[in-house]
Amino acid sequence: MDPNFGTYQLGEEHEALREAVRALSEKEIAPYAAEVDEQERYPKEALDALVKAGFAATHIPEEYGGEGADSVATCIVIEEVARVCGSSSLIPAVNKLGTMPIILSASDDLKKQVLPAIASGETTASYALSEREAGSDAASMKTRARLDGDHWVLNGSKCWITNGGVSKWYTVMAVTDPDKGANGISAFAVHADDPGFTVGPKEKKLGIKGSPTVELYFEDATIPADRIIGEPGTGFKTALKTLDHTRPTIGAQAVGIAQGALDQALAYVKERKQFGKSISEFQGVQFMLADMAMKVESARQMVYVAAARAERGEPNLGFISAAAKCFASDVAMEVTTDAVQLFGGAGYTRDFPVERMMRDAKITQIYEGTNQVQRMVMARNLLK
Ligand SMILES: Cc1cc2nc3c(=O)[nH]c(=O)nc-3n(C[C@H](O)[C@H](O)[C@H](O)COP(=O)(O)OP(=O)(O)OC[C@H]3O[C@@H](n4cnc5c(N)ncnc54)[C@H](O)[C@@H]3O)c2cc1C
């Protein structure tokens, strides 16, 4: 036997990163998680702590001022923040989502315009694909962009945009050639100060209440011509390629929320007594805990494999990234619901964090493509 056998084991650097993010999350993010949820306010304390520690956008390459962290490391950061606060974990997660189209497809000049400000924590980035009438069928979007001399002029609106209003940079997908369907969609970097661009009111949501979700409006919004990301017509491909890289990060968020609920449940069942003993002594409770932990661990392994494959730049990431997101988010919903159950009546109150975790878990089954859409992606890959 070889005690140094490294296959299926995270390296020392990844484990050290987990330890550091966990310590920071427990000390500087967890104390505000209930308040952020209750008051539906942006987790400023989390932003400040993550920026100070260099964890807000770890994935940005060093040449653009970032940490150059790999995909597994980025998942670990998101997972550990989500373990204590789902809303706060959207800071690193959506920074990756908003900047990945630029990292994958933009010119070096545009990368230099946008990425250093995200890397330094000066601002955050958001990703604008969905529209009110174009969700699962995102390619049916109506927002238009036309070239007018040395500017692009955008008209239309985007919907459900995470961290909108806080972010200064937005990756926006818009139709540049309506006759070409998905091949007529282009991607743009829009700045909050661009003329004609405004942000709508916040949605009132079930969970992740600390993360603003807003509409974006473009009324003859005018941006310089060089803010197009890649060639005209490549925007939808870039959007989908981005999701191959970021669906594992939503899986990581789901794993973190589930682990948080499991940890809370483990602590509670040891304390709570009924029938003259700790409820952790009942086999019915033990079996629930075993199933919860088994599912969380399976989801975690799948998320890391998906992230590692994305990091290696493997082709055909469609199946594994959809599977990791879908499986982990289904696990998060099951495990958080079971955690509420193990708390009994107390689980149904805001005196304990498990009800928030259950509400926060639900969104992981919906965004970056619903889990029905993930299953369509998986099936398409299986049958091709
Ligand atoms: C809190 C929040 C944050 C979000 N953040 C962002 C963001 O930052 N950027 C962004 O671009 N978008 C974002 N979204 C949008 C999100 O990705 C969409 O809501 C999602 O893709 C589903 O689209 P929809 O809401 O229009 O639902 P619909 O597409 O209307 O789906 C309704 C139901 O029909 C099902 N369905 C649809 N088509 C099929 C099919 N072919 N087969 C089987 N079932 C189907 C769906 O699975 C779902 O159950 C966010 C959404 C929310 C709620």
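This report describes the overall build, the domains, the ligand surroundings and selected residues of a predicted model.

## Basis of the model

Because the model is predicted, local features need pLDDT of at least 70 and side-chain atom pairs count only at pLDDT 80 or more, while totals for chains, interfaces and linings use all residues. Residue numbers start from 1 along each chain as its sequence is written.

## Overall build

The protein chain contains 10 helices and 10 strands; helices (H or I, at least four residues) and strands (E, at least two) are DSSP runs, numbered from the N terminus. Its radius of gyration is 21 Å, close to the 21 Å that the globule rule gives for 384 residues, so the chain is as compact as a globular protein of that length. The radius is taken over C-alpha atoms, and the globule rule is 2.2 Å times the number of residues to the power 0.38. The C-alpha trace spans about 80 × 50 × 40 Å along its principal axes.

Of the 384 residues in the protein chain, 47% are buried. A residue is buried if 20 or more other C-beta atoms lie within 10 Å of its own, exposed if 12 or fewer, and partly exposed in between, with C-beta atoms placed from the backbone. Among contacts between residues at least 6 apart in sequence, 75% join residues at least 24 apart; two residues are in contact if their C-beta atoms, placed from the backbone, lie within 7 Å.

## Nonpolar core

In soluble globular proteins, nonpolar side chains tend to be buried together. The largest nonpolar core of this model has 110 residues. Such a core is a set of buried Ala, Val, Leu, Ile, Met, Phe, Trp, Tyr and Cys residues joined through C-beta atoms within 7 Å.

Phe-188, Ala-258 and Val-303 have the most contacts inside the largest core. Leaving aside neighbours within four places in sequence, the contacts of Phe-188 include Ala-145, Trp-152, Val-172 and Ile-223. Arg-227 is also one of the contacts of Phe-188.

## Domains and their contact

The domain assignment gives domain 1 (12-119), domain 2 (125-233) and domain 3 (236-383); these bounds come from an automatic or database domain assignment. The centres of domain 1 and domain 2, taken over C-alpha atoms, are separated by 22 Å.

Between these two domains, 24 residues of domain 1 are in contact with 22 residues of domain 2. On the side of domain 1 that touches domain 2, helix H1 (12-39), helix H4 (86-105) and helix H5 (108-119) each supply at least two residues. H4 gives the largest share, 12 residues. The residues of this side divide into 13 nonpolar, 7 polar and 4 charged. Here Ala, Val, Leu, Ile, Met, Phe, Trp, Tyr, Cys and Pro count as nonpolar, Asp, Glu, Lys and Arg as charged, and the others, Gly among them, as polar.

## Ligand surroundings

The ligand is surrounded by 21 residues, of which the closest are Gly-135, Ser-136, Thr-162, Thr-370 and Gln-372. A residue is near a molecule or strand if its C-beta atom, placed from the backbone, lies within 6 Å of it. Strand E1 (125-128), strand E3 (151-162) and helix H10 (371-383) are the elements that give two or more residues to this shell. The shell divides into 10 nonpolar, 9 polar and 2 charged residues. Both domain 2 and domain 3 give residues to the shell, so the ligand lies between them.

Gln-372 lies in helix H10. This residue counts as exposed because it has 11 C-beta neighbours inside 10 Å.

## Selected residues

Lys-158 is placed in strand E3 and counts as buried, with 28 C-beta neighbours inside 10 Å. Not counting residues up to four places away in sequence, Lys-158 touches several residues, among them Glu-131, Val-172 and Glu-215. Ala-182, in the loop between strand E4 (169-175) and strand E5 (185-191), is partly exposed, with 16 other C-beta atoms within 10 Å.

Most residues other than glycine have a negative phi. Asp-220, in strand E7 (residues 213-224), has a positive phi of about 50° although it is not a glycine. Asp-220 counts as exposed, with 11 C-beta neighbours inside 10 Å. Phe-275 also has a positive phi, near 55°, and is found in the loop between strand E9 (273-274) and strand E10 (277-278). Phe-275 is exposed, with 8 other C-beta atoms within 10 Å.
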